[in-house]
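Have the structure open while reading.

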Amino acid sequence: EMPDHPTHFSPSELLCFSRPNNVITVKDRATLQWLQRYDLNAQLLPCPTLFASRHGSIAKSRVAPNKLKIATILQHSQRPGARLTENTLRKLCQTVTRLSDDHTVDIIAPTIDDFMRFSALFPEQIKYSFEANDYLNLMEDSDVVVTSSPGFAILANSLLKPAVLVVDSMTEASLAPTPFVTMTETSHLKSTIERVVGNKNFINECLFWKEEVRRQWTQLLTKSPLQSAAEK
């Protein structure tokens with residue numbers, strides 16, 4: 001991910017990236033365009049987090065047909081790499097509180113700092129683990145995942161779950177093509193969730209896309225010098 005004000009490559013960095021047969025992948029268009037300024041070829045692909053879960057999972061039967069289970073990942077706005085301003089984060093928390101009136105909402109904290117920040121707001125709903133593998137388990141029984149993190153959105157897709165990515169502004173979106181991550185602002189979150197969950201063909205379509213991305217990654221890495229060296 002690009003910093004707000006990216007610096008230029010140093011000569012040694014440029015030499016490293018310019019080596020023949022290098023494989024460079026990026027997950028957003030801003031980084032791709034920045035590398036192109038240096039005549040560096042990169043592949044725009046979703047994060048390999050997409051393959052964290054091999055099979056995916058199906059949510060258990062709902063208590064009521066219209067009562068969804070929503071996994072919401074909340075991240076502190078002051079943490080490094082935070083994607084939401086404090087104002088947008090506050091609006092998101094307010095929206096999540098309203099959603100809890102009609103649906104089951106689990107709050108997932110990725111870090112201990114996030115847990116400390118949000119446990120006072122959602123004491124009965126918040127979940128946290130210091131084991132990275134546990135986050136698949138925390139999301140696997142949900143109908144939809146709401147997050148401001150592209151990484152967690154792709155992790156949801158790995159489980160064959162629809163993901164809603166909350167952004168400050170739709171004009172800021174520049175991710176790699178991810179047809180099963182729907183971007184929205186907080187004011188449209190409720191209707192967006194209802195729309196993505198209503199797609200009855202989602203699982204088959206997402207599985208097909210996941211396998212196509214796997215094919216692209218496999219093809220790319222098979223051509224890499226690391227693969228050639230491993231075969232010798």
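Is Met-116 buried or exposed? Met-116 is exposed, with a relative accessible area of 56%; buried means under 20%, exposed over 50%, and partly exposed in between, with a 1.4 Å probe and protein chains only.

## Basis

This is a predicted model, in which local features need pLDDT of at least 70, side-chain atom pairs count only at pLDDT 80 or more, and totals for chains, interfaces and linings use all residues. Residues are numbered from 1 along each chain as its sequence is written, and side-chain values use heavy atoms, leaving out hydrogens and water.

## Helix 3

Helix 3 covers residues 86-99. Helices (H or I, at least four residues) and strands (E, at least two) are DSSP runs, numbered from the N terminus. Thr-88, Leu-89, Leu-92, Cys-93, Thr-95, Val-96 and Leu-99 are its buried residues. Seen down the axis of helix 3, they fall within an arc of 165 degrees, so they line one face of the helix; the arc is that of the directions from the axis to the C-beta atoms.

Among the elements covering these residues are strand 3 (69-73) and helix 7 (189-197), where contact means heavy atoms within 4.5 Å.

## Helix 8

The buried residues of helix 8 are Phe-202, Cys-206, Trp-209, Lys-210, Val-213, Trp-217 and Leu-220. Their arc around the axis is only 105 degrees, which puts them on the same side of helix 8. Exposed Asn-204 and Phe-208 sit on the face turned away from that buried side.

The cover over the buried residues of helix 8 includes helix 6 (150-158).

Methods
The expected span of a helix is 1.5 Å times one less than its number of residues.
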